[in-house]
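Here is a short briefing to read alongside the structure.

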Amino acid sequence: MTAPIRPQPGILDIALYQGGASEIEGHAEPLKLSSNENPFGASPAAVAAMAGAAAQAHRYPPTDHGALRGAIAEVHGLDAARIICGVGSDEIIHLLCQAYAGPGDEVLYTEHGFGMYPIAAKAAGATPVQVAEVERHVDVDTLIGGITERTRLIFIANPANPCATMIDSEEMTRLADALPEQCLLILDGAYVEFADGYDGGKSLVEARENVVMTRTFSKAYGLGGLRVGYGYGPAHVIDTLNRIRGPFNLSGLALVGAEAAIRDVDWVARCIAINAQERARLSGGLRQLGIACDESFANFVLARFADEATADAADAHLKRDGIIVRAPKSYGLPQCLRITVGRPEDNDRVLAALGSFVGAA
Ligand SMILES: *Cc1c(COP(=O)(O)O)cnc(C)c1O
């Protein structure tokens with residue numbers, strides 16, 4: 001008899017990640033506002049760079065990501081030696097769990113926190129531990145209360161997804177000050193570009209040995225399909241992660257596309273400016289319709305309805321009009337719909353559809 005073939009403990013407890021839907025039956029070209037993508041797409045310079053690189057696809061890409069790290073460092077004023085690039089920031093989240101959390105260790109995150117944190121924790125054999133939020137905001141005191149001698153990693157997205165809320169730098173510093181010495185704080189900056197004036201945690205990373213920030217090309221840079229993100233942290237952490245990272249994790253196309261995208265600062269600045277305007281208009285329009293939402297610091301708004309049944313009905317109404325949004329039920333928010341801020345004409349469609357939904361109720 002051979003031993004039964006079974007995966008490592010924890011792996012079969014993982015619930016598959018649900019991405020935003022992209023199809024509605026009967027609608028050939030639905031309006032997809034379910035994955036917080038940039039509605040204007042990527043920088044044309046990035047698209048051109050990738051097209052140019054396609055002819056070199058027979059060559060292995062560089063393993064050190066030197067040109068991309070250099071460009072990121074230049075544009076954001078970071079130290080290139082302390083950047084690690086990954087297949088989306090998802091890969092950085094996985095590498096952190098793999099490197100720092102195993103059986104018996106705890107990975108802390110919050111009530112409505114991003115679904116990838118418990119997945120990556122379980123994949124590493126660690127135990128994800130969720131603590132409560134206060135009115136859809138991360139609460140530093142509750143997080144500190146959740147820390148034990150087994151806590152190895154704490155994940156916080158700031159701004160948060162799917163809540164779009166934020167906590168300020170003083171609170172974040174207070175949390176970093178309270179960390180026990182075995183514990184790393186990870187600031188997930190997937191939406192940092194949309195939070196005017198916030199450095200994503202850069203100053204905190206540079207001031208300590210136990211804070212890492214992650215960023216991505218998937219949201220503001222319009223390159224969700226390319227799969228590029230990065231982490232910025234203390235040298236000892238970056239060195240650790242590089243030892244387990246696949247040497248060819250990023251393709252040649254991904255490397256040149258992301259580099260051109262980050263250098264096209266005007267394109268991303270324009271997209272961010274339009275998002276800010278449209279986010280205010282969408283939030284204001286929802287509130288006028290009697291639909292509640294917190295102030296958003298990201299590229300989406302979280303609309304709150306009276307209850308789950310009303311949210312379901314609103315979701316069905318939007319679908320009939322060819323609009324796909326996200327029902328964040330698995331995030332403990334069954335009465336909500338998360339709506340990505342689209343182009344001005346997209347947001348007009350959302351407000352018109354919700355207006356007719358509210359009018360019909
Ligand atoms: C979208 C998102 C990410 C980014 O994922 P990528 O792998 O970089 O595409 C990370 N964290 C949060 C909270 C997100 O919403």
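A residue is called buried when its relative accessible area is under 20%, exposed when it is over 50%, and partly exposed in between, using a 1.4 Å probe and protein chains only. At 4% relative accessibility, Asp346 therefore counts as buried.

This is a predicted model, in which local features need pLDDT of at least 70, side-chain atom pairs count only at pLDDT 80 or more, and totals for chains, interfaces and linings use all residues. Residues are numbered from 1 along each chain as its sequence is written, and side-chain values use heavy atoms, with hydrogens and water left out.

- Domain 1 brings 23 residues to the contact and domain 2 brings 24 residues, where contact means heavy atoms within 4.5 Å.
- The size of an interface is often given as the accessible area lost when the parts come together.
- Here domain 1 and domain 2 bury about 2000 Å² between them, with 63% of it on carbon and sulfur atoms; buried area is the accessible area (1.4 Å probe) that two parts lose on being put together, summed over both.
- How many salt bridges are there between domain 1 and domain 2? The count is 1 salt bridge, meaning a side-chain nitrogen of Lys or Arg within 4 Å of a carboxyl oxygen of Asp or Glu.
- Arg136 forms a salt bridge with Asp294, and their closest N and O atoms are 2.6 Å apart.

**Aromatic rings**

- The structure holds 9 aromatic pairs. Rings of Phe, Tyr and Trp (its six-membered ring) pair if their centres lie within 6.5 Å; planes under 30 degrees apart count as stacked, over 60 as edge-to-face and the rest as tilted.
- Tyr17 and Phe114 form an edge-to-face pair, because their ring centres are 6.2 Å apart and their planes meet at 75°.
- Tyr17 lies in the segment before β1 (31-32) and Phe114 in the loop between β3 (106-110) and α4 (116-123), so this pair ties together parts that are 97 residues apart in sequence. Helices (H or I, at least four residues) and strands (E, at least two) are DSSP runs, numbered from the N terminus.
- Tyr17 is partly exposed at 38% relative accessible area, whereas Phe114 is buried at 12%.
- The pair of Phe217 and Tyr230 is tilted, because the ring centres are 6.2 Å apart and the planes are at 50°.
- Phe217 is buried at 1% relative accessibility, and Tyr230 is buried at 2%.
- Ring pairs link Tyr17, Tyr109, Phe114, Tyr117 and Phe155 into a cluster.
- The charged end of Arg338 sits over the ring of Phe300, 5.5 Å from its centre (the rule asks for NZ of Lys or CZ of Arg within 6 Å of the ring centre and within 35 degrees of the ring normal).

- Asp346 is found in helix α12 (residues 344-360). Setting aside neighbours within four places in sequence, Asp346 is in contact with Leu31 and Pro39.
- Ile291 belongs to the loop between α10 (265-288) and β9 (300-304), and Ile291 is buried, with a relative accessible area of 4%.
- Not counting residues up to four places away in sequence, Ile291 touches several residues, among them Leu286, Ala303 and Leu354.
- Ile291 and Phe305 are 14 residues apart in sequence and 6.1 Å apart in space, C-alpha to C-alpha.
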